[in-house]
Number of protein chains: 2
Amino acid sequence: MDDTNYHSAIKAPVLLPLNKGLGDVQQPLPTAAVKDLRWNLLREDVSLPAAVLYEERLQHNLEWMQQFVSEYGVKLAPHGKTTMAPALFARQIAGGAWGITLATAHQSRVAYVHGVRRVIMANQLIGKQNMAIVSDLLTDPAFEYYCLVDSAQGVDLLGAFFKERHQTLHVLLELGVDGGRTGVRNAAQQSAVLNAIAEWKGHIVLAGIELYEGVLKEEAEIRAFLQRAVTCTKGLADAGQFAERAALRPVILTGAGSAWYDVVAEEFSRADIGLPLDVILRPGCYLTHDVGVYRASQEQIQTRNPVAQKMRSSLLPALQLWAYVQSVPEPGKAIIALGKRDAAFDAGLPQPAKQYRPGTQAPLATPTHWQLTGMMDQHAYMHIAEGDDIKVGDMIAFDISHPCLTFDKWRQIAVVNPAFEVIDVVHTFF
Amino acid sequence: MDDTNYHSAIKAPVLLPLNKGLGDVQQPLPTAAVKDLRWNLLREDVSLPAAVLYEERLQHNLEWMQQFVSEYGVKLAPHGKTTMAPALFARQIAGGAWGITLATAHQSRVAYVHGVRRVIMANQLIGKQNMAIVSDLLTDPAFEYYCLVDSAQGVDLLGAFFKERHQTLHVLLELGVDGGRTGVRNAAQQSAVLNAIAEWKGHIVLAGIELYEGVLKEEAEIRAFLQRAVTCTKGLADAGQFAERAALRPVILTGAGSAWYDVVAEEFSRADIGLPLDVILRPGCYLTHDVGVYRASQEQIQTRNPVAQKMRSSLLPALQLWAYVQSVPEPGKAIIALGKRDAAFDAGLPQPAKQYRPGTQAPLATPTHWQLTGMMDQHAYMHIAEGDDIKVGDMIAFDISHPCLTFDKWRQIAVVNPAFEVIDVVHTFF
């Protein structure tokens with residue numbers, strides 16, 4: 001690929017006046033210039049609704065997870081689809097991550113263009129243009145890329161494409177479970193995939209084994225699935241299926257979403273396949289965490305996992321949405337200028353956390369009975385009680401549940417320090 | 001505002017290599033150049049998943065709605081928040097629309113920068129930075145802007161801000177209903193707002209009345225709400241409350257989402273307040289329509305409305321999502337590379353419509369038993385039957401429900417002709 005051209009498209013990322021959730025930008029400015037603008041959230045310098053990242057909490061979470069995986073001697077390829085913010089990918093890699101996980105060819109390209117040189121695309125690579133994107137990236141010999149295969153048909157489509165381009169694609173066999181998502185369910189499907197790979201020798205190389213345990217809900221069945229993966233990897237190693245791979249680099253064994261990464265670390269870190277092995281975990285939501293689905297799963301991890309307990313701290317919610325009270329039309333109801341356009345709503349609605357009245361000293365915790373009862377595209381309904389001290393123009397900070405579907409609502413996200421000064425802006429690429 | 005600087009930010013909108021759902025773009029290109037690239041969807045020139053607009057259907061819908069409102073002698077300010085695509089705003093205005101409706105200060109700025117000179121912001125304007133955005137736009141005397149007020153407190157915040165800037169803000173009194181969203185519920189709230197407006201004479205001008213009937217579900221209560229609005233407008237006219245406005249331009253009476261615009265047209269077009277009156281309807285979803293919530297409401301309109309019946313055609317779904325079958329891991333299940341990142345899922349999941357196998361003649365209608373049963377961030381589960389002819393690599397076109405929450409997943413959207421050639425790309429600004 002013509003690296004220069006790609007880079008010209010994103011070189012010097014700028015603050016754009018036409019993105020929501022920013023302060024006054026009269027012309028495109030280098031992102032780094034945002035500090036000089038001295039926007040302060042509490043001084044109402046930012047147009048709300050706005051998504052806000054808390055720098056100290058981000059950094060805490062980043063270090064927490066890196067330490068966690070290090071304790072197990074395993075590696076981290078955080079799922080980048082959560083944020084799709086290359087500036088955060090860069091921090092994850094600088095913090096010790098082995099690579100970045102992504103879900104599509106498009107996302108893989110975004111990561112590559114921003115300097116990521118090791119990508120697990122934890123998904124099947126399907127379609128001519130998607131394969132062309134990856135093929136382009138692979139012209140850079142420094143780029144290490146893996147995608148999943150779970151059908152002979154998929155392997156054949158890949159083999160034909162990459163053979164024609166005289167290239168080699170490194171793939172991971174995806175294991176799946178009945179009732180689950182992708183992945184081979186049984187020995188027959190697995191053999192069909194392996195036979196197909198053998199047919200494209202030189203163009204498709206089996207680099208390891210992948211699974212996503214998050215389709216299951218119970219610890220026992222998850223452990224059984226993980227053990228199946230270890231056994232499978234060992235079996236394939238014994239059968240010489242990784243010969244081509246092992247001559248180049250360690251075999252890969254990878255799993256873990258954001259809810260069961262501790263169990264995956266426990267099971268996979270014990271694996272001994274008789275060949276050099278890289279165990280790679282792929283949580284994504286840890287970086288911002290939340291107060292919904294992922295807080296609930298993290299609480300389980302803190303309860304069951306000795307390493308997490310030993311660390312004496314846990315993940316912190318690092319992403320909030322700030323919005324105005326726009327109307328208090330009935331005694332028990334406030335209308336907030338925040339909608340489905342601004343926040344995830346599929347795993348619990350945003351939760352009121354702080355109230356700030358412009359001109360006052362500091363944000364206060366909101367009463368626990370303030371709760372969102374519904375959201376429309378651009379509005380939220382908040383339950384309040386008669387007589388509560390709430391006014392049109394008050395600012396409310398909301399914690400979120402499900403960071404992924406919140407990030408994709410924002411193109412540029414303000415990063416603030418504890419004084420609510422905007423010290424950076426993070427760009428997303430969806 | 002410094003018009004030149006804003007324009008420099010968006011002048012010559014370009015195809016960017018880092019947006020999903022496009023074909024091969026090796027460097028930023030002027031949007032108009034897309035035709036020369038000769039991408040064809042069926043030739044797999046576009047990276048899927050992709051959102052696709054059908055040019056002929058868009059044009060049909062655009063003309064249909066303009067004709068409908070013309071039959072009633074009322075005006076159209078389509079809700080732009082649906083698409084946030086200024087290229088589509090321009091077509092709506094060229095097609096006869098009076099202005100564009102928007103939901104936030106940010107959206108209003110996007111519209112202004114792209115040439116829209118008449119905006120109803122069908123929402124309260126709250127917050128210092130949001131007011132500053134609008135204040136900036138109002139330095140252009142050719143820009144006509146209205147926002148809603150429903151509380152004395154809101155009016156006072158606006159009055160103080162715009163008085164300090166020596167500017168005048170034109171507002172619409174929002175009427176609401178008990179149990180609804182924003183808007184004054186009763187005479188006492190209404191008087192409080194009117195009294196507040198009077199306090200800011202010269203800086204806040206009452207330009208008319210606004211409501212959003214879509215918070216109600218039954219035709220009878222909607223008609224009663226609309227009649228209340230007409231009575232209210234007449235009462236305020238009689239009381240001289242529109243004196244300042246009427247000296248400048250017709251009073252405004254505006255309502256209508258995408259589900260009850262026919263009833264609003266019927267009720268409001270009969271209004272006689274003894275002053276020149278602009279009745280303005282604000283549907284937004286008609287432009288792309290859907291096969292879910294809006295098809296259902298449109299079917300009601302075709303049943304009950306004589307003008308719609310006379311037109312002998314209806315709205316057509318003009319937006320689809322195309323995605324690949326990535327796995328068929330079990331006899332009754334296919335996994336599609338399409339997720340919550342790509343499509344609305346809050347008002348029904350996307351519906352399979354067409355299947356296309358690359359290399360074959362033309363897309364075929366999908367069997368009716370193919371239905372999505374669930375979606376994750378980047379995947380969808382599709383129910384199929386054992387023995388169905390479906391393969392990894394097949395392309396599936398999905399109809400959608402709820403265009404708004406689909407548009408905001410895409411930054412650049414391919415527009416195709418009936419031969420599936422990409423003839424344009426539409427940019428969104430969220």
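Select Phe68(A) to start. At 0% relative accessibility, Phe68(A) counts as buried (under 20% relative accessible area; exposed is over 50%, partly exposed in between, with a 1.4 Å probe and protein chains only). This is a predicted model: local features need pLDDT of at least 70, side-chain atom pairs count only at pLDDT 80 or more, and totals for chains, interfaces and linings use all residues. Residues are numbered from 1 along each chain as its sequence is written, chains are lettered from A, and side-chain values use heavy atoms, without hydrogens and water.

Now show Trp64(A) and Tyr261(A). With Phe68(A) and Tyr72(A), they form one aromatic cluster. Rings of Phe, Tyr and Trp (its six-membered ring) pair if their centres lie within 6.5 Å; planes under 30 degrees apart count as stacked, over 60 as edge-to-face and the rest as tilted.

Move to chain B. Select Phe161(B) and Phe162(B). This pair is edge-to-face, with 5.2 Å centre to centre and 65° between the planes. Phe161(B) is buried at 13% relative accessibility, and Phe162(B) at 0%.

Next, pick Arg117(B) and Tyr112(B). The charged end of Arg117(B) sits over the ring of Tyr112(B), 3.8 Å from its centre. That label needs NZ of Lys or CZ of Arg within 6 Å of the ring centre and within 35 degrees of the ring normal.
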